[in-house]
Amino acid sequence: MATQTKPILHGYFRSSCSWRVRIAFALKGIEFDQVPVNLIKDGGQQLTDQYKALNPMQQVPAVQIDGITLSQSLAVIQYIEETRPGPRLLPADPKKRAQVRMISDLIASGIQPVQNLYVLQKIGAEKLQWAQHFIQRGFEALEPILKETASKYCVGDEISMADICLVPQVYNAERFKVDVDQFPTIKRLNQTLMKVDAFKVSHPSCQPDTPAELCT
């Protein structure tokens with residue numbers, strides 16, 4: 001699909017959901033512009049009226065593309081899958097495609113939302129233990145699933161939306177000091193994926209809004 005302008009990603013360097021979109025754009029070879037939305041500064045720039053007009057949920061990311069605005073990372077990924085050429089992000093085989101969606105939803109709906117910034121701010125002093133509990137619980141479910149579906153990547157030998165969801169969640173697990181060694185399949189897949197250029201260039205350590213002290 002021809003486009004008049006590059007997509008614009010409104011996101012935050014350390015947001016899992018923003019990172020998923022960056023990975024997908026990189027895998028597809030799509031050039032895009034970034035508008036940083038700092039979730040911490042000024043009480044949270046996502047809470048401004050200006051940003052609320054863009055994304056009523058006041059979350060990141062929001063992506064302006066082809067004359068519309070999309071505000072959920074999996075919706076963005078599936079939209080560019082359906083409208084852009086390049087490597088497939090969903091397998092052709094219906095069973096594998098369903099497995100990819102299952103894994104993606106497990107992470108994007110079952111793990112990440114209960115340990116995101118907004119929830120942790122509400123939890124307060126117990127936020128570390130809270131995040132650890134829900135990541136641990138989610139990985140205990142994810143590990144046996146991936147043992148069944150994985151080969152080189154989460155589902156078979158092609159990178160998919162499931163891999164796009166996995167890597168940012170492992171990063172979160174490590175941030176919150178969850179022992180990923182307990183989950184050898186998850187650990188192996190993450191290590192393999194982090195050797196892929198699209199995952200490396202989209203990493204939180206090398207984004208336009210990454211604080212200088214965190215850049216590597």
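The model is predicted, so local features need pLDDT of at least 70 and side-chain atom pairs count only at pLDDT 80 or more, while totals for chains, interfaces and linings use all residues. Residues are numbered from 1 along each chain as its sequence is written, and side-chain values use heavy atoms, with hydrogens and water left out.

## The sheet

Let us begin with the strands. Helices (H or I, at least four residues) and strands (E, at least two) are DSSP runs, numbered from the N terminus. Two strands pair if DSSP finds at least two bridges between them. In general, strands of a sheet pair through backbone hydrogen bonds, either parallel or antiparallel.

Here, four strands make an open sheet with mixed pairing, in the order β2-β1-β3-β4. Its edge strands, β2 (33-36) and β4 (68-70), each pair on one side only. From one strand to the next, the twist averages 20°; angles run from 0 to 180 degrees between N-to-C directions, and axes are lines fitted to C-alpha atoms, for helices over the stretch in contact.

| Strands | Sense | Bridges |
|---|---|---|
| β1 and β2 | parallel | four bridges |
| β1 and β3 | antiparallel | three bridges |
| β3 and β4 | antiparallel | three bridges |

You can find some of the partners by eye. Ile8 has Asp33 in β2 as its bridge partner, His10 stands opposite Ala62 in β3, and Gln64 stands opposite Thr69 in β4. Strands β3 and β4 form a hairpin with two residues between them. In that turn, Asp66 has a positive phi of about 55°.

Contact means heavy atoms within 4.5 Å. Helix α1 (residues 16-28) packs on the sheet and touches β1, β2 and β3 (62-65). The direction of α1 makes about 155° with that of β1. Helix α3 (residues 73-83) lies across β3 and β4, at about 130° to β4.

UniProt lists residues 5-88 as "domain: GST N-terminal" in an unreviewed entry; such annotations may be inferred rather than shown by experiment, and UniProt positions are given in the numbering used here, with feature names shortened. Over residues 5-88 the chain is 36% helix and 18% strand, with 23 Å between the end C-alpha atoms.

The chain is divided into domain 1 (10-87) and domain 2 (94-199), with bounds that come from an automatic or database domain assignment. Taken over C-alpha atoms, the centres of domain 1 and domain 2 are separated by 20 Å. The contact takes 14 residues from domain 1 and 18 residues from domain 2.

Which residues touch the most other members of the largest nonpolar core? They are Leu27, Phe139, Leu142, Leu146, Leu166 and Ile186, in a core of 52 residues. A nonpolar core is a set of buried Ala, Val, Leu, Ile, Met, Phe, Trp, Tyr and Cys residues joined through side-chain atoms within 4.5 Å. Buried means under 20% relative accessible area, exposed over 50%, and partly exposed in between (1.4 Å probe, protein chains only). In soluble globular proteins, nonpolar side chains tend to be buried together.

Helix α7 (161-175) is among the elements that give two or more residues to this core, and α7 supplies the largest share, nine residues. The core draws at least three residues from each of domain 1 and domain 2. Leaving aside neighbours within four places in sequence, Phe139 is in contact with Ile111, Pro144, Gln169, Val170, Ala173, Phe183 and Ile186. A second, separate core has seven residues, including Val37, Leu39, Tyr51 and Val60.

Val60 lies in the loop between α2 (49-54) and β3. Is Val60 buried or exposed? Val60 counts as buried because its relative accessible area is 10%. Leaving aside neighbours within four places in sequence, Gln112 is in contact with Ser16, Cys17, Arg20, Ile107 and Gln169.

Lys127 is found in helix α6. Why is Lys127 classed as partly exposed? Lys127 falls in that class because its relative accessible area is 44%. From C-alpha to C-alpha, Lys127 and Gln64 are 33 Å apart in space, and they are 63 residues apart in sequence.
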